Amino acid sequence: MVNLTIDDKQVTAPKTATIYEAAKLNGINIPILCHDKKLKPFGACRMCLVEVEQMKGRQIPACTTPVTEGMIIRTSTPDIVKARKMVLELLLLNHPIDCPVCDKAGDCDLQNLTYEYKVNANRFTDEKFHHEIDYNNPLIERDMNRCVLCGKCARICDEIVSFGALTFISRGIETKIGCEFDEALNCEFCGSCVSVCPVGSLLARPFKFKARFWSLTKQKTICGYCGTGCNLTLGVKDNKVLTTIYDENQGFHNGQLCCRGRFGYQFINSEKRLTKPLVRKNGNLVEAGWDEALDLVAARLKGAGAAAAAIATARLTNEELVLFKQLMETAGSNNYDHSAGYAHAALTEGFASSFGVAASPSSILDIQKSELLLVIKTDAYETHPVVGFEINMAVKNKGVLLKILSDKSGKLSKLPDAKTLIHTPGTETTIINSLAKVILDNKLADASAALIPGYDELEKALADFTPEAVSAQCGLSAVEIKQLASAYAKADKALIIFPVGQAYPGHTAALANAIANLALLAGKLGKEGSGVLCLSEKNNSQGAVDMGFQTADGLNANQILDGCASKTIKTLLIAGENPMVSYPDHAKVAAALDRLEFLVVSEIFLTETAAMADVVLPVCSFAEKEGTFTATDRRVQHIKPAIKKTAQSRSDFEILGALIKKLGGIAPTAPASVFAEIASSVPGYAGMSYVSLGEEGQFATVAVKPAFVVPQAPLAKSETGKLALVIGSALYHNGTLSQYGEGPMHVCPEGYVELSRADAAALNFAENDLLTVSSAGGSMVLKARISSRIPQGVVFAPYHFGSNPVNQIWNGAAVTWVTLTK
Amino acid sequence: MNPINTFVPIIQGLKITLGHLFKKPVTLQYPDERPKVAARFRGLHALNVSHNKAKCVACYLCPTVCPAKCITVEAGEDASHDKFAAVYEIDMLRCIFCGYCVEACPVDAIRMTGEFELANYNRKDFVYSKERLLEKK
C-alpha cells in the first residue's frame, strides 16, 4: 500500500493501482471515456487528466499513471475543468449530436459528461463525418459517425473475447474503427463491444428504438442458458423484457456475456409462447382450464406407483426439482431423471466415485489463478463462452499455458502458445490414461498419490496404456503424449477443464475418473488455481445433480423411455425437456412417447415433444419466477422475477405444488421455505438462505474424499470409407431453448454439418451444399460448412435444432460413422 | 342614519350599471360568436410537418417530461433505418395543457394550437392518434 493525497484527502491505495483506481477506491470520481476496469490502461480520451504536484503541475492522465508514495493529486482544479471542457468540445466537433434518435441517449458517457461540464457551445467548427453505417448484420449496428475513438470495442474484442473483429483503420482525422478491409462486421456476436461503447456507435439492433434507457426497470437475475451462472440485468418495460443491460460490476465475469446471454432473451416475451393449458380431446389439443388439466394429471398420478415417471430439464430451479421429487414420491414412484440420464454421468458417477462428491472440486475463479490449463475438447468455448473468456484472459494476460486435447481445433487453439493435440474422436479416456501412465513411469507422481486408496489397482490397470501402445489408436505420437504429461505434472498449478452435456456422450463417467486419477496422481487437487472443473451443460445442471434428481433405485431417463416403449410406464411427466430433438435416437424417442398412455408436458412453447402430449401445461420462464440456480462450480445464486407471469402461465413450482395437494400431500407455499429445507439437507448447502446468497451467490462447499477408480477406456472402432461424426454444441446455442431467442437464430438459424477442406475437396462439396448424411440409424439432409478447424475424416454437427434434429442419425454414440452424399 | 351615506353609493353603482348599457357587451355569444384566442394559448396539440412527414423523431422526451403521463409514443424503424413515431397518441382526458411537451421537444415537432373545443361523446375519441394530431394545412 502507498500513501497519497487526492484532493486534500489522505488516502491509501495498492502499489499496483493507477491514480484513477486509487481515486475510485476512495470515493473520488474522475471522468473517463476510454477506460474500462476489465481492460488494460489505454489513455486515449484525455478526460481523466489530473494535476500532480510532484510533476510540476503538468496535467497527466489518471488512468495510465501508477501511484507513487507521497503523490499529491488534484482532480478538479479550474485548469483541469477547462482542459476537460476542451476535450469534450473537440469530441463534439465531429459527433453528430443526434441524441433524439440515438438509442444510447440516457446511458451515454459523452452525453453525461457534456451535461456535467456544461459544454453548451462550441468554439470550433468542422464538418461532421459521413461514414456509411453498417447494417449488414442483424445484431450489431455500427455507426462510426458517432465514434469517439476510445478503442474500447477493439480492445475488449482482442483482450477478452480474443476474436479481433475490430481495430483502428486509416490514419489521422480519417481514423475509424473498422473490420478487416473495412468490410461488414462478421464475428461471434457476443456483443461485448456494444456493452462497453461509451457512445452510440455500437448498438444492439434487437433493442433498436424499442425504449429509452431511462424508462427501463433494471432487474438483476441469472442467465438461463448454460451452466456458467453469469449474472444478467434485464431491462423491463410494460411487463416485457426488452433487452439485457451491461453492468460492469456484476458477477465474477464483470458483466461479460456471450451471444445467447446478451441477445437470446426474446423467448421470454415471445408470441409463440403457450398461453393456456391444452388437453387432448378427440386427438386434438384444445384449450382447457387449469383445474381441468391439473385434475386430469392428478387422477393419472394417484396411486400410479412405478408406472409413473418424470423427466425434467436442468433449467428448473432447485426448489422446483425438490418439489418434483416430492410429487413423484407422493405418487409412489422413484423414476425421475434429468438431462437424458447420461449427460452428467461424469459428475454423478465419475466424480462421485473419484472424489466422493458429485461436483467439481475447482471453480471458474481458478482459471485465471492457474499456471497450466488442460482443456478437453475445444468445445469448452462453445458450450460455455464466458468460461472461454476467462481462459482467453488467463492465457493472454496472465501467461497461463494452454494445452488442449480435442478431436478438432477451435477458437481456443488460436490463443497465443496454445498447443492443441488433435486426436482420433472418442479416444479421450485412453489418452488421459496414457498421460497418467507417463506420470507414473517417469516418477512425476506427487508423493501424496501413493496414499490414496486404489493406487495399486490403478498402477496395474494402466499397464497397457503406455504412449507407444495407444499412439496409433489415438492418432497422437508418443512424444506428444509424453510432453503433455510432463508439462502437466511439472506445472505448479494445473487445472483440467472439460464440458459435459447431452451432446457429449463421450464425456462419460470413465473420462471423469481418468481425469480425476490424473489430477490426483499429479497432486493437483486442493490448491488454488489447480484441480478439475467439469462444465455442466445447463444453468441448473449442477443443481439437479445436487438435489438428487435421479436415484439409484429408480430408472434413469434412458430406462424410462425403454419403459414407455414396453408399456411398463404408463404416465410420463416431462418438464421443459424436448427429447424429440435433444435426446439420442429420434425414432426410439418418438416410438416410446407414442406408446405412452398419458404424456404430460409442462413447457414454455409447444415443442415437438409437447405436441405429442395429452396435457400441455404452460409454464413461465426464469424471468418470471423465484428460486435458486446452482452454477457449474457450485455457486448457488438467487433469481427474482423480472416480470409478471405472462398470460395464464404458472411456474413449475405452483403446478407441482398444486399436484402434490391434489394427491393429498402437503405442498410448501413459497420457494424460500423449500430452500431452507435444501440448506438443511443437501451436503454443502448448509447455512444458506436467500438473504445470505445476496447478489453474488455463495459457493456450496465441496468436500473431496479422493480415491483412484480404474476407468474403462472404450476401444475406438473405425469404419473404413466412412467419416466420424461428432455431435456438439454450437457457439450461439444451448440446449433447445435458444431456438426461441431471436438473436441466436439470426446468427445460426439451422443445423449444419461441418467438414474439413480435404474431405470437401475429395468429395467435391462446396459451402452450403445440401448434403445427405447417412448413418446406420438413418439419414438426413444438412447444409455443408467447410472449415479448416476440422481434421480430415471427421465431421461435426450441432444438436440444437428442431427443424432438422441430428438425432435422426445419431443414437447416442460418442462417434457415429456416416457417409456424405450430395 | 345619514341619508347621504345611504344613497350616494347606490346612485354611484347605478351610474356604472347605466353606463354599461351603452357600452359594447363583454359576454361572448358562443357558439354564434367565436372567441379570439391568444397566440400563446395552449389548446389541442399539433404535430408539425416538414417535407411531407411529421417532424417527430420519436425521441420519447415528451412522454418522459409529461406530468400527466398522457402521451404514448412507440418508435419504428423506416426503410432507411431512421427513427419515426409509429404510434403517437395523446389522451386529452388526462392532458393538463401544461405545454411541457412543446418545451421539451428537441426538433420542434409539436406545438399547441388554439383549438379548444375538445368535447366528444366517447372516451376513446379523446385519445388523439398521430393522424388526428398532424397539423392541418
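In which sense do strand E5 (residues 83-91) of chain B and E7(B) pair, and over how many bridges? The two strands pair in the antiparallel sense, over 2 bridges, and they belong to a predicted model whose other parts are described below. Chain A contains 25 helices and 33 strands, and its radius of gyration of 28 Å is close to the 28 Å that the globule rule gives for 822 residues, so chain A is as compact as a globular protein of that length.

**The sheet in chain B**

- An open sheet in chain B is formed by 3 strands in the order E4-E5-E7, and the pairing is antiparallel.
- E4 and strand E7 (127-128) of chain B stand at the edges with a single partner strand each, so one side of each is left without a neighbour in the sheet.
- Where E5(B) pairs with E7(B), Asp91(B) stands opposite Val127(B).

**Where the two chains touch**

- Contacts between the chains involve 12 residues of chain B and 9 residues of chain A.
- On the side of chain B that touches chain A, strand E4 (residues 71-77) gives the most, with 3 residues.
- By class, that side of chain B divides into 7 nonpolar, 3 polar and 2 charged residues.

**Overall form and domains of chain A**

- The C-alpha trace of chain A spans about 85 × 70 × 60 Å along its principal axes, and buried residues make up 57% of the 822 residues in the chain.
- Among contacts in chain A between residues at least 6 apart in sequence, 74% join residues at least 24 apart.
- The domain assignment divides chain A into domain 1 (2-76), domain 2 (126-267), domain 3 (278-341 + 544-699), domain 4 (345-535) and domain 5 (723-821).
- Although the C-alpha centres of domain 2 and domain 4 of chain A lie 34 Å apart, 14 residues of domain 2 are in contact with 13 residues of domain 4.
- The side of domain 2 of chain A that touches domain 4 of chain A has 8 nonpolar, 5 polar and 1 charged residues.

- Strand E26 (residues 635-639) of chain A is mostly covered, with 5 of its 5 residues buried.
- In a regular strand, side chains alternate between the two faces of the sheet.
- From E26(A), Arg635(A), Gln637(A) and Ile639(A) point one way while Val636(A) and His638(A) point the other way, and all are buried.
- One partner of E26(A) is strand E25 (residues 627-630) of chain A, with which it pairs in the antiparallel sense over 4 bridges; here His638(A) is the bridge partner of Thr628(A).
- The hairpin of E25(A) and E26(A) has 4 residues between the strands, and within this hairpin Arg634(A) takes a positive phi near 65°.
- E26(A) also pairs in the antiparallel sense with strand E27 (residues 698-699) of chain A, over 2 bridges, and there Gln698(A) is the bridge partner of Val636(A).

**Nonpolar cores**

- The largest nonpolar core has 271 residues, and those with the most contacts inside it are Leu373(A), Leu435(A) and Ile515(A).
- Helix H16 (residues 509-521) of chain A gives the most to this core, with 11 residues.
- Leaving aside neighbours within four places in sequence, Leu435(A) is in contact with Ile481(A), Leu484(A), Ala485(A), Tyr488(A) and Leu518(A).
- A second, separate core of 23 residues includes Phe209(A) together with Leu47(B), Ala54(B) and Ala58(B).

How values were computed. Residues are numbered from 1 along each chain as its sequence is written. Chains are lettered from A and ligands numbered from 1 in the order in which they are written. This is a predicted model: local features need pLDDT of at least 70, side-chain atom pairs count only at pLDDT 80 or more; totals for chains, interfaces and linings use all residues. Domain bounds come from an automatic or database domain assignment. Two residues are in contact if their C-beta atoms, placed from the backbone, lie within 7 Å. Ala, Val, Leu, Ile, Met, Phe, Trp, Tyr, Cys and Pro count as nonpolar, Asp, Glu, Lys and Arg as charged, and the others, Gly among them, as polar. The radius of gyration is taken over C-alpha atoms; the globule rule is 2.2 Å times the number of residues to the power 0.38. A residue is buried if 20 or more other C-beta atoms lie within 10 Å of its own, exposed if 12 or fewer, and partly exposed in between; C-beta atoms are placed from the backbone. Two strands pair if DSSP finds at least two bridges between them. A nonpolar core is a set of buried Ala, Val, Leu, Ile, Met, Phe, Trp, Tyr and Cys residues joined through C-beta atoms within 7 Å.
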